[in-house]
Amino acid sequence: MSGSFLDRFKKGLSRTRDILNADVGDLIRGRRPLDEADLEALEEALIAADLGLPVVQDCMEVVRARSAEVWTQGAPAMRALLKGELRKALTRPATASPFQARPWVTFMVGVNGVGKTTTIGKLARAWQREGRTSLLCAADTFRAAAAEQLQIWAERTQSPFHRGAEGADPSAVLTDGLRLAISRKLDAVLVDTAGRLHTKGNLMAELAKMARVAGREVPGAPHETLLVLDATTGSNGLAQAREFTKAASVTGLVLTKLDGTAKGGVAVAVVRELGVPIRYAGVGEQLDDLLPFDPDDFVEGLLGE
Ligand code: GDP
């Protein structure tokens with residue numbers, strides 16, 4: 001893995017930063033009092049970065065209140081104000097850190113195509129670097145291709161793998177997977193779940209049943225339920241995300257494909273909207289392209305020079 005997490009955030013967020021910095025920078029270069037037109041331009045830039053209206057409004061309030069300071073101190077003062085607001089919006093109380101139970105059971109939920117399977121492969125690799133072995137469990141029995149995809153990641157990361165027959169009860173597959181992990185004294189189980197079932201009601205019932213089953217096999221499981229969101233869909237994914245937070249007790253978010261979007265600000269919008277912290281960020285398709293999410297690094301990547 002090359003470069004610090006901050007460097008990699010900067011690289012991953014370069015498209016968003018370019019837009020935001022160009023606009024914010026242009027506005028302040030003149031070192032004159034901000035007028036209404038400036039404020040409107042700033043608001044537009046923040047909206048374009050997909051920060052979400054509530055956060056944009058908070059930012060604008062602070063900038064308005066302290067526009068004299070921005071005037072005398074220029075762009076660095078403006079950046080500092082915005083960074084402070086974004087950091088505040090992104091920071092949530094820490095959730096449980098992995099491996100306080102064995103096996104540490106993580107459910108990966110989210111609609112198809114957002115990057116659940118890829119994220120499981122990346123997490124297995126990250127944990128493997130720490131000397132932890134994860135079992136990859138394909139509980140999406142709805143799509144055979146999903147299990148095959150997960151198996152490829154298991155092979156790539158040389159991780160144990162468990163799947164059931166196509167159409168099998170996901171909870172039964174999960175039970176077997178958990179028992180296998182217990183008998184082999186593995187550190188973690190990463191569970192790929194179906195992105196979609198016949199109806200929403202089904203999906204909710206299925207995830208709830210899986211959580212019950214997991215808790216029966218391993219006390220406290222699932223220890224984490226990570227909702228995976230695709231940053232390229234920006235705030236359009238929010239309605240769907242809300243459905244998932246209703247269906248499963250989501251403890252954290254994974255924001256994927258930050259590398260492919262100029263709408264990286266959506267990270268701020270989703271945390272504000274869903275009230276759970278981002279745990280990891282996906283910044284590419286390769287195994288090492290997963291970063292532990294840190295609000296400071298993220299904000300620096302978004303608004304740093
Ligand atoms: P799933 O259906 O939710 O399991 O999604 P997949 O894991 O199969 O991923 C769907 C597509 O998104 C694949 O082509 C992945 O390579 C791609 N992908 C996943 N995460 C990232 C990321 O962080 N950055 C980029 N650029 N692509 C990603």
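**Helix crossing and cavity**

Me: Is the crossing of helix 1 and helix 13 left-handed or right-handed?
Reply: The crossing of helix 1 and helix 13 is right-handed, a term for a near helix turned clockwise from the far one by less than a right angle (anticlockwise is left-handed). Helices here are DSSP runs of H or I with at least four residues, numbered from the N terminus. This is a predicted model, in which local features need pLDDT of at least 70, side-chain atom pairs count only at pLDDT 80 or more, and totals for chains, interfaces and linings use all residues. Residues are numbered from 1 along each chain as its sequence is written, and side-chain values use heavy atoms, without hydrogens and water.

Me: Why is helix 1 called oblique to helix 13?
Reply: The axes of helix 1 (residues 5-12) and helix 13 (residues 295-303) cross at roughly 45° and come within 8 Å. Helix 1 is therefore oblique to helix 13, since angles under 35 degrees count as roughly parallel, over 145 as roughly antiparallel, 65 to 115 as roughly perpendicular and the rest as oblique. Axes are lines fitted to C-alpha atoms, for helices over the stretch in contact, with angles from 0 to 180 degrees between N-to-C directions.

Me: Which residues of helix 1 and helix 13 meet?
Reply: Phe5, Leu6, Phe9 and Lys10 of helix 1 meet Asp297, Phe298, Glu300 and Gly301 of helix 13, contact being heavy atoms within 4.5 Å.

Me: What makes a space a cavity?
Reply: On a 1 Å grid over the protein atoms alone, a 1.4 Å probe fits at its points but cannot get out; lining residues have an atom within 4 Å of a point. The lining of the largest cavity includes Phe142 and Arg163.

Note on methods
On a 1 Å grid over the protein atoms alone, a cavity is a set of points where a 1.4 Å probe fits but cannot get out, and a pocket is an open set with protein on both sides within 12 Å along at least five of seven lines; lining residues have an atom within 4 Å of a point. Helices (H or I, at least four residues) and strands (E, at least two) are DSSP runs, numbered from the N terminus.
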